[in-house]
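Here is a friendly walk through some packing details. Have the structure open beside the text as you read.

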Amino acid sequence: MSAWAAVLDEVAVAGGTPGQVAARLGLQTSLVKAVLDHAERLGVVAVAGNGCGSGRPGCPGGPDVPPACAGCPLALP
Amino acid sequence: MSCHGTAQNPVLSRSGEAALAPLPLLRVLLVGGPNVGKSTLFNALTGSRQHTTNAPGTTVELATGTWRTAAGDPAGAAVEREIIDLPGTYSLLARSSDEQVTTDALWELARISRQTSAHPGVVVVVLDATALARSLYLLAQVAETGVPIVVALTMLDLATTATDSPLAREDPETLAGALATTLGIPVVRMDARNRTAGGVSELAGAVDAVAELPLCVRGIAPSTSSFCYGAPGAALRQYDAPHDDLESELEHAEALFDWVEHVDEQVNSCLALPLPRLLPESEPRRLRRTFSDRVDTVLLNPWAGIPVFLAVVWLLFELTTRFAAPLQSAINQLVNGPLAAAVTWLLGLLGLGDSWVQGLLVDGLLVGVGTVLTFLPVMAVMFAALGVLEDSGYLARAAFVADRAMRSLGLDGRALLPLIVGFGCNLPALAATRTLPRARQRLLTGMLIPLTSCSARLTVYVLMASAFFPDHAGTVIFAMYLTSVLLVLGGGLLLRRTAFRDVHAGPFMLVLPQYQRPHLRTLAMSVRLRVGSFVVRAGKIIVLTMVIVWALMAVPVSGQHSVGHVPVTDSLYYSVASGIAPMLAPAGFGNDHAAAALMTGFVAKEVVVGSFAQSYAVAEPGSPTRAESLGERLRTSFAESSGGHGGAAALAFMVFLLAYTPCVAALAEQRRLFGWRPTVSALTAQLAGAWLLAVLVFQVGSRL
């Protein structure tokens, strides 16, 4: 599996900071940051502080749940 | 592939010939992520031959300069290149106007390169040795544009302690050689802080050689390129175009990162290092904690980080308002004392003493120049302090800590610093908005900064509060600062729901740079550049305004006095004030004295008290009876204009003074940063808002 796919899978399932994801996967943190940055620019990853991670209401759910919220325990059913 | 290349690989081996050949003025674009040492490199290459300019059609500032190197032989001419320090970005998939400028500049160079057989430019991609993978990803995108590339490898001094990559701990020369071999383009290791042996001449040779004979980055197929792909007209991968086809974008992204991994593996292989591999789930490992990691456990902790941040901001405030004050006073005394006396004496020798020419030069032009000069210490201290915070890596931490609070205004944490600095002086606060990544965020913050109560307004609060509320003066002044905070919050929320609906706090996955010691030379150059820019651009407007104000005060209305020898009450200036006064009547301070003071407050809030004193014809500052007599006269005139509600009128006056307009210097800086239209719009809105607030305060206060 490529680093790109591995990082996205890991974030979708478990989330975490770039450092934590890098540690779990055994990758360089800078590579993980680069992957997440590009994924964020494409809109498939969101960063804590926005949406669910911010603790603000309005977390989307149902069929409109964005890919970034996949696996999030706070996502509405 | 051989693994025994050096940093000066085959291209550089030809660089001797290339450097000797007469080259046209080559355009060199510096591209790299934030905090990779790009600006340090730019300063090292250009020295003092640099200036800032706005990118065409934007408010994004670009540093451009001339990169001059000596000729390869004694008889030859020096080689000059135009070099542009493009805004830092991690990706060409731009999400801010700054990043868009970088993307556009690269595509423009790619377009020009395709249209001509000569190669008009070279891109120097700055790779961060402590975060190679991230830098390689940007390099891959740049390579896809098809522009000639040279790699500058930086941050090698931090590589041994601040990385989770074993690559960066290798000997820099060996690492650069392995990268050059793997990438197929020149890789120059840089230590921009060392001008003699820091790689500057090697970089010049590499750039000139690549300009003559460009090479492709190995493993990257440019969308189109005149020199290595040979497919002009092929579909360009435009990173700034909307990416509708997400599937193909994801596939392309995977290909890019496969290349990054491949390069990493090749370099590891060259250096005989163990190949990186993905760990199975059952085999997690712990990363080595660096010094920065340990410091961050304190500074990024909300309980410790916020107090530290407030302490740092307080120190910044103290530096700006107190440390610079003696210098300001000294400059003011010098300009208005010996310098003014010297000019007066000189004009007397020329037979122009006591004439309108003397008034224009001494009371108009010299006062204007003096105003600009008195701001220099504030600006220099502010820029130096900001530079230290930025260069050390702390500014990024402060922004991270403050992020949550600022999100309610649609801004991220980086906006807090300029707003807090605004309580010292609006002018450097406006300049500090440059730390914000997006132009719309800078504009929104810049519109809110004039609502912060700068220290100059404090002098007026003290006068008014002492005169009208002598037993509660401290509480009134505190309330004014509280009002200022509420105005910033209210103004921010209002603007976000109206003119700035498009502004949202962007995703803020801030990559924190390593802590490092600020470099004094770079810091000094940065301060000099920015202060110089302020003097030249804002200074012109300040001086012109002061001359206009002098002219208005020098022109008599009655005709009973000659130009330049006019009592203030007979001046055109005072007539205008009389015309304005009725508009202020609903707020309770519709008298000529208040209107004239507010007009001079437009020039600088510091002169409001002096204007009151002048118009009431009381003793000059320093007289022990000044405050009392001025206070009495203020109470009398405000009571008259407010129908006996002098206290409410005084409060309304202070609120109006807080909100109506920043000083002319701050307006000039706003215009420089954002343009005429936003500045005039903001000024109009502030005047209207201040009037409404003042009327509200008076109407409510007078009924209590």
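At roughly what angle do the axes of helix 7 and helix 9 of chain B cross? In this predicted model, the axes of helix 7 (residues 172-183) and helix 9 (residues 246-270) of chain B cross at roughly 130° and come within 9 Å. Because of that angle, helix 7 of chain B counts as oblique to helix 9 of chain B. The crossing is right-handed. On the helix 7 side, B:Ala178, B:Leu179, B:Thr181, B:Thr182 and B:Leu183 take part, and they meet B:Val263, B:Gln266, B:Val267 and B:Cys270 of helix 9. By class, the residues of this contact divide into six nonpolar, three polar and no charged.

Helix 2 (residues 18-25) of chain A packs against helix 3 (residues 29-42) of chain A at an angle of about 120°, with the axes 8 Å apart. Helix 2 of chain A is therefore oblique to helix 3 of chain A, and it passes helix 3 in a right-handed crossing. Here A:Pro18, A:Gly19, A:Val21 and A:Ala22 of helix 2 meet A:Thr29, A:Val32, A:Lys33 and A:Leu36 of helix 3. This contact has five nonpolar, two polar and one charged residues.

The two pairs can be set out together:

| Helix pair | Angle | Axes |
|---|---|---|
| Helix 7 and helix 9 of chain B | roughly 130° | within 9 Å |
| Helix 2 and helix 3 of chain A | about 120° | 8 Å apart |

Now for chain B as a whole. Its secondary structure comes to 26 helices and seven strands, and 49% of its 704 residues count as buried. Of the chain B contacts with a separation of 6 or more, 71% join residues 24 or more positions apart.

Next come the cores. The largest nonpolar core has 106 residues, and B:Leu427, B:Met464, B:Ala652, B:Phe653, B:Met654, B:Val655 and B:Phe656 touch the most other members. Helix 12 (residues 356-392) of chain B gives the largest share of this core, 13 residues. A second, separate core of 94 residues includes A:Ala3, A:Val21, B:Leu109 and B:Val147.

Beyond its neighbours within four places in sequence, B:Leu427 is in contact with B:Phe375, B:Val378, B:Met379, B:Ala665, B:Ala666 and B:Glu669. B:Ala665, B:Ala666 and B:Glu669 are among the buried residues of helix 25 of chain B. That helix (residues 664-674) is mostly covered, with 10 of its 11 residues buried. B:Gly675, with a positive phi near 100°, follows helix 25 of chain B.

Key:
Residues are numbered from 1 along each chain as its sequence is written. Chains are lettered from A and ligands numbered from 1 in the order in which they are written. This is a predicted model: local features need pLDDT of at least 70, side-chain atom pairs count only at pLDDT 80 or more; totals for chains, interfaces and linings use all residues. A nonpolar core is a set of buried Ala, Val, Leu, Ile, Met, Phe, Trp, Tyr and Cys residues joined through C-beta atoms within 7 Å. A residue is buried if 20 or more other C-beta atoms lie within 10 Å of its own, exposed if 12 or fewer, and partly exposed in between; C-beta atoms are placed from the backbone. Helices (H or I, at least four residues) and strands (E, at least two) are DSSP runs, numbered from the N terminus. Two residues are in contact if their C-beta atoms, placed from the backbone, lie within 7 Å. Axes are lines fitted to C-alpha atoms, for helices over the stretch in contact, and angles run from 0 to 180 degrees between N-to-C directions. Angles under 35 degrees count as roughly parallel, over 145 as roughly antiparallel, 65 to 115 as roughly perpendicular and the rest as oblique. A crossing is left-handed if the near helix is turned anticlockwise from the far one by less than a right angle, and right-handed if clockwise. Ala, Val, Leu, Ile, Met, Phe, Trp, Tyr, Cys and Pro count as nonpolar, Asp, Glu, Lys and Arg as charged, and the others, Gly among them, as polar.
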